[in-house]
Amino acid sequence: MNSAFYLAIRSLWWHRSRSLAVIFSLAIIIWLPATLRIALNQFRSEISARALSTPIVIGAPGSRIDLVMHSLYFRSQPATTVTMAEHALAAESVGVTAVPLHMRFTTRSQPGAEGAPIVGTTPEYFTFRRLTPQSGELPALLGECVLGADYAERSGLGTGDTVLSAPRNALNLAGDYPLRMLITGVLARNHSPDDDAVFTDLRTAWVIEGIGHGHQNVDRQTDPSLLLSNDRDDAASVTAGLGVLPYLEITDENRDSFHFHGNASEFPLTAVLAVPFTERDRIKLLGRFSGSRQLQCISPPQVIEELLSIVFRIEQFVLLFTLAAAGAALLLLALVLNLSLKLRAAEMQTMFRLGCSRLTILRLQSADVLLLLTSAAGIAVAGGLLARSTAAALLQQLLL
Amino acid sequence: MIAIRDLRFAWTDGPFQLQIPRLEIARGEAAVLAGPSGCGKTTLLNLICGILSPAAGLVEVAGTDLGRLSDADRRLFRLRNIGLVFQDFQLIDYLDVLGNVLLPCRIQPAVKLTPAIHERGLDLLNQVGLANFSQRPVTRLSQGERQRVALCRALLLNPLLLLADEPTGNLDPENSRRMVELLLQESRRSGATLIMVTHDHSLLPMFDRTLPFLQYLARTDGTEAGASA
């Protein structure tokens, strides 16, 4: 068989353009459905695992899928919010841990690193998701945050650096200002959407939203360069200049000046994760909120199952089209191989006349096809391995 | 070396018929089969080397009755004992010069490519003046160089019999003469019997013997093709 492979390799190399075309066509035929299937399976298992680990989500009425996508995967924004009062209602239920979530902002995009969602929550979230810092520590003070492992990697930020929030509307001067947050740590990779998020405490999230704020001391004494106009005698009446920071930063010096206006029970949350201790607690909690018109209380595994049934139908369509394309490509490939055999007929005839055995002729042709197939399969497997890590994430981005 | 008795062969779809009551060619003899193109000379070569089987009669090469061999054994016998040179040389484009010479050792599991055979391939190339061309693609050879590569391939396994099927068919007179000289020289050097097919009568005096090929032809309607030629 060595000679057959030797001759086949020399022949394929001699006709390398044709061989490469056949190999890559075959590779695509193998790679496409296989990778799609692997990616979908991975996507399905990842999305299901996250949903299964999150028994109940409480949020404002609206799309159930949007609420799950928001609270589990930090995607999409609910049209309306709930308040701390609803969180308190869930939290006071016996046998339930209620974890508040506020996710309405992202970090500012940098070249090569898109902004990540800023999740305002409480320390219970880290316990619930089993998130531990890989370096540094969890945020403890107002204005501090911890980064998910993937975001830290792609943004190049780490413990001790700062990260800016992105305003939702740059033209709204009275609205949210970017907040510069101190990074106190980077979380260990969790292979979940947590890896691509920035976590801070609820109060910091409210500061970003403009509910809480501090005051930058702009007067003649602190830094006259910040003043655009200070010609009036009234020390309290100054006009701030361009040197006034266009963002907020909570430092040791100004931390005490930060405060919140309004009733704390009305501060907004985008969702509440509820973790009942037992099945009985879960049923009781669902029953407690089932009649509410202001809230919806949903079970993520059920919602995800509905979503996956839609994905499954899409998968069937995609596979059907892929199979049809593969069928057409295989027919073309058969034509190419047939033409190739015809082109090599004279060569085979020469070998036959010299005394080549029938088996060798068969081996020569088989070695050709085998080399083409194994090369294509090798490329398809390599492509599959490369795509495996990214395809599921890409699918999540596309489908969620 | 070759003994043929009462050989009969006919194509099923034509009037062509070959009848050879008796033909013997001695070891080391250089014989030529002459006749116009398409008259059946190649068919006779194919019968002698076992590519075709006769309808009746005996074809014996080096004491072996080819009719008694199985198809697989006939192929192996041909590879080991008969060197073939084709009209257009039929070199394999994707192999280099040495690869083409060594080809007979890559097409039969029973014939292994040993270091000794590899050495012989290089030696043959050296003998025909192609020692420096061993790694060169055959597509970059001149017609004369291709002839010599084809001859080296035919001689690789020290054949007892060398069959050359119109190797001068596409050559000008000067190159034709050189090719025949080379065939005669190499067959004599190796002690092989040579049978060459040609339609070029000017080459006949170079051979020991011209076979009376037209006498072997008959038509199915009973008329002797040779008689009318």
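Residues are numbered from 1 along each chain as its sequence is written, and chains are lettered from A in the order in which they are written. Because the model is predicted, local features need pLDDT of at least 70 and side-chain atom pairs count only at pLDDT 80 or more, while totals for chains, interfaces and linings use all residues; side-chain values use heavy atoms, with hydrogens and water left out.

View 1. Helices (H or I, at least four residues) and strands (E, at least two) are DSSP runs, numbered from the N terminus. Helix α8(A) covers residues 279–290, and its 12 residues should span 16 Å at 1.5 Å a residue, which agrees with the 16 Å between its end C-alpha atoms. The expected span is 1.5 Å times one less than the number of residues. Within α8(A), A:D281, A:L285 and A:F289 are buried. They cover an arc of only 55° around the axis, which places them on the same side of the helix; the arc is that of the directions from the helix axis to the C-beta atoms. A:R280 and A:S290, on the other side of α8(A), are exposed. Here buried means under 20% relative accessible area, exposed means over 50%, and partly exposed lies in between (1.4 Å probe, protein chains only). The buried residues pack against several elements of chain A, including β1 (56–59), α4 (84–91) and β3 (96–107). Contact means heavy atoms within 4.5 Å.

View 2. Side chains of opposite charge can pair when their charged atoms come close. A salt bridge is a side-chain nitrogen of Lys or Arg within 4 Å of a carboxyl oxygen of Asp or Glu. A:R288 forms such a bridge with A:E92, the closest N and O atoms being 3.4 Å apart. A:R288 lies in helix α8 and A:E92 in the loop between α4 and β3, so the pair ties together parts of chain A that are 196 residues apart in sequence. A:R288 counts as partly exposed, at 41% relative accessibility, whereas A:E92 counts as exposed, at 52%.

**View 3. The surroundings of A:S165.** A:S165 lies in strand β7 (residues 162–166) of chain A. This serine is buried, with a relative accessible area of 0%. The side chain of A:S165 reaches the backbone nitrogen of A:L179 at 2.8 Å. Residues up to four places away in sequence aside, A:S165 touches A:T106, A:T107, A:R108, A:I118, A:Y177, A:P178, A:L179 and A:I208.

**View 4. Helix α6 of chain B and what covers it.** Helix α6(B) has 18 residues (173–190) and reaches 26 Å from its first C-alpha to its last, close to the 26 Å expected at 1.5 Å a residue. Its buried residues include B:M179, B:V180, B:L182 and B:E186. Among the elements of chain B that cover the buried residues are α4 (115–127), α5 (143–155) and β8 (193–198). Just after α6(B), B:G191 takes a positive phi of about 80°.

**View 5. The interface of chain B and chain A.** The size of an interface is often given as the accessible area lost when the parts come together. Chain B and chain A bury about 2,300 Å² between them, 58% of it on carbon and sulfur atoms; this area (1.4 Å probe) is summed over both parts. In chain B, B:R75, B:Y94 and B:R106 lose the most area to chain A, together 36% of what that side buries. The contact takes 24 residues from chain B and 19 residues from chain A. Across the interface, the rule finds 2 salt bridges.

View 6. B:D71 forms a salt bridge with A:R358, the closest N and O atoms being 3.2 Å apart. The side chain of B:D71 also meets that of B:R74 in a salt bridge (3.9 Å, N to O). B:D71 and B:R74 both lie in helix α2 of chain B, 3 residues apart, about one turn of the helix. B:D71 is partly exposed, with a relative accessible area of 30%, and B:R74 is buried, with 13%. Salt bridges that share partners join A:R358, B:D71, B:R74 and B:R75 into one network.

How values were computed. Buried area is the accessible area (1.4 Å probe) that two parts lose on being put together, summed over both. A polar contact is a pair of N or O atoms within 3.5 Å; within protein, one must be able to donate a hydrogen and the other to accept it, and residues adjacent in sequence count only if both atoms are side-chain atoms.
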